[in-house]
Amino acid sequence: MAEVHARAIRANGHHASGINSSTRDSTYRAADRLGISQRFKTAEDLIHAPDIDVIHICTPNALHAQLAHAAIGAGKSVVCEKPLTTSLSDAKSLVAAAARASVATAVPFVYRYYSAVREIRGRIDAGEAGQLHLLHGSYLQDWLATKTDTNWRVDAAQGGDSRAFADIGVHWCDLMEFVTGHRITRLSAKFLRAYEQRGGDARIRGVGTEDASTVVFETDRGAAGTVTVSQISRGRKNRLWFSFEGSESSFEFNQENPDSFWVGGLRENRIITRGTSGIEHEDARRVSPLPAGHPSGYQDAFNVFMGDAYQSFANEDGERPTGLPTFEDGLRAAYITDAVIRASQSEQWVAVDPFCGVLDDRQTVGM
Ligand SMILES: NC(=O)c1ccc[n+]([C@@H]2O[C@H](COP(=O)([O-])OP(=O)(O)OC[C@H]3O[C@@H](n4cnc5c(N)ncnc54)[C@H](O)[C@@H]3O)[C@@H](O)[C@H]2O)c1
């Protein structure tokens, strides 16, 4: 992700000036590959460098809390990858620390930055869906489909107690709550582990976390939904898909084809494409970086996200561009992940306070 961040920093006219990685070799390799001139011996040295204003944390999950606390302590703005932390208590303490230090933050829930997503959000807010009844979808990948596939995420000490859900399920839930304005209030969850061990001959690791999960939920505005999350679904590379169905119309979006979305009705179904007059909402046009007919994708969305993040960092009165995800949204995701883990362990429904964490600009919330 450091590479995606570095491109997005530059795309917004800023300078990626220093890097630290896990070892000296890794720091040098990354600096060469990303064209970054300052190689720092330790993360602490980087965080305290006087010419560095913003800290980007793109490490394995378990390091996020410690590094983000250090960055906040140094008074630097922080972009920290999701999941914000591997525990709910760490997420709460980070949000509190950032607020106390008046440090601006961002978490790359980047799928908020597709024009189609903003347009669906605008249409649902304007009442086009009517009363939303069913909110369902999935986020499916296959990069851990075989027994020999492995990664630091498989190790709970580095990735956290949930893998598939905390890694990608949080993106889906963030998107659902962002687009619909609904909040999850109750959920039940089933975790599935395809392999008890992973890796090749040289290194076999025990697997402590789930390869897939299914969550059933209810929302504060009376909708029900499901989301299936998997890292073992062959052929599915990065298929974040949702269908939100209401009394007047349905909206469908697929991240692998992000320049359009589908609107379903009883009389007709329509596909609306970015760059056409079907994109009616100013906010959807605002996050559309390319002219009509020029396909945009993940890096483009990331670039717009980073532009918003840096704009909020520069803004001393704390005003944020619409829909910029911050540590509060990372905290909201931590609440949901915590509930999902507890529900899967207890095989019971678990309550989630709809007003914990975050909220976007259409909501008022306490924690
Ligand atoms: N927002 C998104 O769409 C998105 C997508 C993918 C990953 N992520 C998140 O980004 C983070 C990184 O994931 P990734 O896929 O890039 O992982 P990765 O394994 O490709 O990269 C992690 C990097 O961290 C470095 N590292 C490890 N320990 C370190 C330490 N102690 N100090 C400094 N550097 C250290 C490693 O050398 C490596 O370069 C994760 O938290 C992941 O959830 C977010």
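Buried means under 20% relative accessible area, exposed over 50% and partly exposed in between, with a 1.4 Å probe and protein chains only. The model is predicted, with local features needing pLDDT of at least 70 and side-chain atom pairs counted only at pLDDT 80 or more, while totals for chains, interfaces and linings use all residues. Residues are numbered from 1 along each chain as its sequence is written, and side-chain values use heavy atoms, with hydrogens and water left out.

**View 1. Glu347, in the loop between helix 11 (327–346) and strand 16 (350–351).** Helices (H or I, at least four residues) and strands (E, at least two) are DSSP runs, numbered from the N terminus. Glu347 is exposed, with a relative accessible area of 67%. Its phi is near 55 degrees, a positive value in a residue other than glycine. Most residues other than glycine have a negative phi, and most peptide bonds are trans.

**View 2. Ser102 and Pro83, in the loops on either side of helix 5 (88–100).** Ser102 lies between helix 5 and strand 5 (105–106). Although Ser102 is not a glycine, its phi is positive, at about 50 degrees. Ser102 is exposed, with 66% relative accessible area. Pro83 belongs to the loop between strand 4 (77–80) and helix 5. The peptide bond from Lys82 to Pro83 is cis, with omega near -15 degrees.

**View 3. The crossing of helix 1 (residues 2–11) and helix 10 (residues 298–314).** The two axes come within 8 Å and cross at roughly 60 degrees; axes are lines fitted to C-alpha atoms, for helices over the stretch in contact, and angles run from 0 to 180 degrees between N-to-C directions. Helix 1 is therefore oblique to helix 10 (angles under 35 degrees count as roughly parallel, over 145 as roughly antiparallel, 65 to 115 as roughly perpendicular and the rest as oblique). Helix 1 passes helix 10 in a right-handed crossing, that is, the near helix is turned clockwise from the far one by less than a right angle, anticlockwise being left-handed. Contact means heavy atoms within 4.5 Å. Val4, His5, Arg7, Ala8, Ile9 and Ala11 of helix 1 meet Tyr298, Gln299, Phe302, Asn303, Met306 and Tyr310 of helix 10. By class, this contact has eight nonpolar, three polar and one charged residues; Ala, Val, Leu, Ile, Met, Phe, Trp, Tyr, Cys and Pro count as nonpolar, Asp, Glu, Lys and Arg as charged, and the others, Gly among them, as polar.

View 4. Val4, His5, Ala6, Ala8 and Ile9 are the buried residues of helix 1. Ser312 counts as buried at 6% relative accessibility. Not counting residues up to four places away in sequence, Ser312 touches Ala104, Glu319, Arg320, Pro321 and Leu324.

**View 5. Packing of helix 8 (residues 164–180) on helix 11.** The axes lie 10 Å apart, at an angle of about 115 degrees, and the crossing is right-handed. Phe165, Ala166, Val170, Cys173, Asp174 and Glu177 of helix 8 meet Asp329, Arg332, Ala333, Ile336, Thr337 and Val340 of helix 11. Seven of the contact residues are nonpolar, one is polar and four are charged.
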